[in-house]
Amino acid sequence: MSQITAFEPDALERSVPRYTSYPTAPHFTDGVCSATYRRWLGELAPDAKISLYLHIPFCDELCWFCACRTQGSRNYRPVSRYLDLLIAEIDQVAGLLGPDHPISQVHWGGGSPTILSPDDMYRLSTVIHERFPLSQNAEFAVEIDPRDMTEPRLDALAAAGLSRASIGVQDFEPRVQAAIGRRQGYDITKKVIDGLRARGVTGINIDLLYGLPGQTAETLMSTIEKVIGLGPDRLALFGYAHVPWMARRQKMIDESILPGTTMRRRQATLAAQMLREAGYAPIGIDHFAKPADAMALAAADGSLRRNFQGYTVDPAVALIGMGASAIGSMPQGYVQNDPSTAGYQKAIEAGKLATTRGKAFTADDRARRDAIEQILCRFALDPDAVTTRHGIAALPVCEIAEALLAAAPEGALIPKGRGFVIADGWRSHTRLIAAEFDAYFQNRPARHSLAV
């Protein structure tokens, strides 16, 4: 086991994973292929709950800060053609799964799913309902770009049963918006939220970023004040991840005006304080929710989970990802579709699954994954619970927990049984603490975002 580094003086200057999965995506390999995925789908228990994630990798224009797999398109023909492929993949997967798997959640992500025409929104929703048995209380969530929303699109989403809208804001300050290539005023954002609520969509999420170029604590606080006035049920407060080696469009950003680590930390601290004072409960490392929201309740009762969309209350045992670059999570491991639309198209047109990489779980992966999810969701670790679930494979988890307790500064970790609770003042180190349990990161670090 390597030396504990989570509490060293320069720890918060380091880059570590966000742990929306373990093992993380940089460690996927081509050892998992379409044949593997086909077998895993067939091995799902008949009554296993599943979730669906559909990736729409198109935007009207590309925001410079974004690291998602997307492409700009002002011509609708590629989008329409892609939708045909996505529906063909839905047909494939539905045929392999059979009719007995209840769907607990449907999520459209991107890109900008709201680039779809109203007719195509309805078409895609209809296909999903025809191919899969949705649970009575299944959540239907869509990532919405207010800049391309129209009244007919709002009508189409409401008619399709939209129950949760996730709206990107980032920062309302014009100077910051110019620096990240995303101009989106408060008025247009409010109009879309008002339009959703008028149509009965009650679940509103808003995404914010700190650490953006040209951003100051004052501009971020001004944005948060406006966002609080919009009354979302949930907010995500992410640190901007500057990864131009992975997201080439980020090379458009002037690195000289990026806030340093000290300023990032101040922005995160002040923003979290404002949200708590406004009545939002902190959820994990980067979310906030109204106290009566299902996510806040899950955080309180210990049922909060983490997946590729971040924190979730979804009880599904499998997440089926469809579309180019989409990642799925199965009981046996992770799968990812071909990241290029051309490669994805070739596979789907040939009647094949588009899976090109992934990671089959080892017993060690499962135990460490359990520990990391506990730390990210509860700020705590119970090694005995990991041992009960994973047997001898939990031994490294127990050893690392013991080493962390021995190495932690006084007051950083509160001992609890053989485990610990991370003290409030040290929760900025949560990802660093989780990384101590990451065998892949410890042995072969990949390039990630800053810890804070």
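**Entry 1: Gln 374**

I looked up Gln 374 and found this residue in helix H11. The model is predicted, and I read every value below as computed from that model. Is Gln 374 buried or exposed? Its relative accessibility is 3%, so Gln 374 counts as buried, the limit for that word being under 20%. I then listed the contacts of Gln 374, setting aside neighbours within four places in sequence. The residues in contact are Phe 379, Ala 380, Leu 381, Asp 382, Ala 385, Val 386 and Arg 389.

**Entry 2: helices H11 and H12**

I turned next to the packing of helix H11 (residues 363–378) with helix H12 (residues 383–390). Their axes lie 10 Å apart, at an angle of about 145 degrees. I noted the crossing of H11 and H12 as right-handed. Which residues make the contact? From H11 I recorded Arg 366, Ala 367, Asp 370, Ala 371 and Gln 374. From H12 I recorded Ala 385, Val 386, Arg 389 and His 390. Sorted by class, the contact of H11 with H12 has 4 nonpolar, 2 polar and 3 charged residues.

**Entry 3: Tyr 82 and Tyr 344**

I then went through the aromatic rings, where the count comes to 9 aromatic pairs. One of them is formed by Tyr 82 and Tyr 344, with 5.7 Å from centre to centre and 35 degrees between the planes. This pair is tilted. Tyr 82 belongs to helix H2 (residues 76–97) and Tyr 344 to helix H10 (residues 341–349), so the pair ties together parts that are 262 residues apart in sequence. I checked the accessibility of both residues. Tyr 82 is buried, with a relative accessible area of 4%, and Tyr 344 is buried, with a relative accessible area of 0%.

**Entry 4: Phe 308 and Tyr 334**

Tyr 334 is buried, at a relative accessible area of 3%. I also found that ring pairs link Phe 28, Phe 308, Tyr 334 and Phe 361 into a cluster.

**Entry 5: Arg 306 and Tyr 311**

Last, I looked up a charge placed over a ring. The charged end of Arg 306 sits over the ring of Tyr 311, at 4.4 Å from the ring centre.

Note on methods: Residues numbered from 1 in each chain as written. Predicted model: local features only at pLDDT ≥ 70, side-chain atom pairs only at ≥ 80, totals over all residues. Heavy atoms only, no water. Phe/Tyr/Trp six-rings, centres within 6.5 Å; stacked < 30°, edge-to-face > 60°. Helix = DSSP H or I, 4+ residues; strand = E, 2+ residues; numbered from the N terminus. Buried < 20%, exposed > 50% of the residue type's maximum accessible area, 1.4 Å probe, protein only. Lys NZ or Arg CZ within 6 Å of the ring centre and 35° of its normal. Axes fitted to C-alpha atoms, helices over the stretch in contact; angles between N-to-C directions. Left-handed = near helix turned anticlockwise from the far one by under 90°. Contact = heavy atoms within 4.5 Å. Nonpolar A, V, L, I, M, F, W, Y, C, P; charged D, E, K, R; others polar.
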